[in-house]
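Subject: A structure to look through

Dear colleague,

Please find below the structure that I would like to hand over to you, together with its sequence.

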Amino acid sequence: MNPNHTTAVPGTSTAPGPPGTSAVSGPPGTSAVSGPPGTSAVPGLSGASAVSGPPGTMSAAPGPLGASAVPGRPGATAVSAPPGATAVSAPPVTAAVSASPPVTSAVSAPPAAQQQPDWPDPGALRAVADELGVLPALVAAEECDRLREQLAAVARGEALLLQGGDCAESLEEVGRDTTAAKYRTLNLMAAVISEAAGLPVIRLGRIAGQFAKPRSHPTERHGDTELPSYRGDMVNGPAFTAAARTPDPDRLRRVYHASAETLGHLRELTAADGGEFWTSHEALVLEYEHALSRTTPAGRYALSGHLLWIGERTRRPDGAHIAFAARVRNPIAVKLGPSSTPDDALRLIDLLDPDREPGRLTFISRMGAGAVRDALPDLVSKVTASGAEVVWICDPVHGNTVSSPTGHKTRRLDDVLSEIEGFLEVHRSLGTHPGGVHLELTGDHVTECVGGTYEIRFEDLPTRYETVCDPRLNLGQSLDVAFELAAMYAASPVTDRGTTWATA
């Protein structure tokens, strides 16, 4: 990093990077990270740290949720925001946006939906869904379009994507401090990666909607007692009691208001920083997603978040989740595990990106450290040969979960880094663009994953194991990933990666 420029993370301690890297620190309240002399700032979502790029970068108009100065590459075309767009904007519904119809007609028809709760009171569910259908949308359609434009730059090799946040958000932990910790962590990571790669980094939180989780089994047994599995705070509670585990439609309402509160905090943060920050979550509970979809003059949008992804368990081409995603104009991501085939990927492209629009579709590779080098090349090469311009990013956490001697689910940081390295190796060998990473992380000093500069050992896991679902990287481990990823990108000069901007 440029030693003359610093990035501050108020209220957090600075974690050191690998040998030879400079610390990222700064005075309280600051968050500016500059690049080489002669760069032009490219503002984005309100509230991001200022990150400038190499000479020759074109500047863009400010976008939603505060805009961070985003660097570009020589010859890259900056994407400007629509007039008046604000990333993480307040959720007013304008006359041009029509409310969602009652949820019953949207979800009653085939195809069948997987991983849906067994709601005990359909009438109560309909009442909540109808209420959500006339409440203000959480994000604006123009913001979703702006993110699509930025993701198109990633697809062309002109930018990177950093997506991260909680495995599953907790209603009890929603608040300004929790939001700020995750926001600052992603800011720091983006600054480190951007400086090394010489590319703008789009910051996308798993936040303001990531309250539902798919499960391997519909029920959980403790001794002689069997209850529904915990499916995230959008559906039921984590406590192992019949009352907590019964799906409750009122939780959809609570999640809406919690997400609106979080978006308000993000607007404050981005307004202070002058950058962009986007929100995302898994589109899992379809009653919630249908209720918050709105029709605009440009088409239909799912306005519960800027980007929605479809998980490995719900990505069946003939399933309800893909059918839902195909009908909205948001940028969409799909997770691909080691069992995915090129035919699967090509079919998903036909369904979700029939017009082959860069920025519309992101594939999130989640192979596992031991499988990525074998399973990914055929997928990438055949998708590339099809002519589709998709974004490729790596989820290096979900395929690397292990059980510890203490009985906790955990992940080894070494496995996470190995999968990222394998992901980059595959793309380097094929001349394609490794577009970024998707991580489960927190800005807190939890003890849920093992390894790191400030090493967490198996025996340390019970100290602060606070996740309501899967283990997350803590602040120090998140910065370790950022520094290691920065070193990987720095070791692969842009002219060697075969991307379009390198020869523009």
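The expected span of a helix is 1.5 Å times one less than its number of residues, and helices (H or I, at least four residues) and strands (E, at least two) are DSSP runs, numbered from the N terminus. For helix α3, residues 141–155, this rule gives 21 Å for its 15 residues, and because the end C-alpha atoms are 21 Å apart, the two values agree.

Before going further, please keep in mind that this is a predicted model, in which local features need pLDDT of at least 70 and side-chain atom pairs count only at pLDDT 80 or more, while totals for chains, interfaces and linings use all residues. Residues are numbered from 1 along each chain as its sequence is written, and side-chain values use heavy atoms, with hydrogens and water left out.

Helix α3 is mostly covered, with 12 of its 15 residues buried, where buried means under 20% relative accessible area, exposed means over 50%, and partly exposed lies in between (1.4 Å probe, protein chains only). Among the buried residues of α3 are Ala141, Cys144, Leu147, Leu151 and Val154, and also the charged Glu143, Arg146 and Arg148. After α3 comes Gly157, which has a positive phi near 85°.

Next, the strands. Two strands pair if DSSP finds at least two bridges between them. Strand β10, residues 307–310, sends Leu307 and Trp309 one way and Leu308 and Ile310 the other, and all of them are buried. On β10, strand β7 (residues 278–282) pairs in the parallel sense over 3 bridges, with Ser280 opposite Leu307. Strand β11 (residues 332–336) also runs parallel to β10, joined to it by 3 bridges, and here Leu308 stands opposite Ile332. Between β10 and β11 the chain passes through helix α8 (residues 320–326), in a β-α-β crossover that is right-handed; a crossover has this name if, with the strands pointing away from the viewer, the path from the first strand over the helix to the second runs clockwise.

An antiparallel pair is found in strands β5 (residues 219–222) and β6 (residues 225–228), which are joined by 4 bridges. Glu220 has Leu227 in β6 as its bridge partner, and in the hairpin, which has 2 residues between the strands, Gly223 takes a positive phi near 65°.

Most residues other than glycine have a negative phi. Two residues are worth looking at with that in mind. Gln115, in the loop between α1 and α2, has a positive phi near 60° and is buried, with a relative accessible area of 18%. Ala208, in the loop between β4 (201–206) and β5, has a positive phi of about 60° and is buried at a relative accessible area of 1%.

Gln114, which lies in the loop between α1 (103–108) and α2 (122–134), is partly exposed, with a relative accessible area of 29%. Gln114 and Ala320 are 206 residues apart in sequence, but 7.5 Å apart in space, C-alpha to C-alpha. Arg464, in the loop between β16 (436–440) and α12 (475–490), is partly exposed at 31% relative accessible area, and its C-alpha is 5.0 Å from that of Val446, 18 residues apart in sequence.

On a 1 Å grid over the protein atoms alone, a cavity is a set of points where a 1.4 Å probe fits but cannot get out, whereas a pocket is an open set with protein on both sides within 12 Å along at least five of seven lines, and lining residues have an atom within 4 Å of a point. Grid points are joined across faces, edges and corners, and a volume is the space filled by probe spheres set on the points.

The largest pocket has a volume of about 430 Å³, and of the 21 residues that line it, Pro214, Arg215, Ser216, Arg313 and Asp470 are the closest to its centre. Its lining has 3 nonpolar, 7 polar and 11 charged residues, where Ala, Val, Leu, Ile, Met, Phe, Trp, Tyr, Cys and Pro count as nonpolar, Asp, Glu, Lys and Arg as charged, and the others, Gly among them, as polar.

A search of the whole structure finds 6 cavities of 30 Å³ or more. The second largest cavity holds about 70 Å³ of space, and helix α4 (residues 176–197) gives the largest share of its lining, 3 residues.

With best wishes
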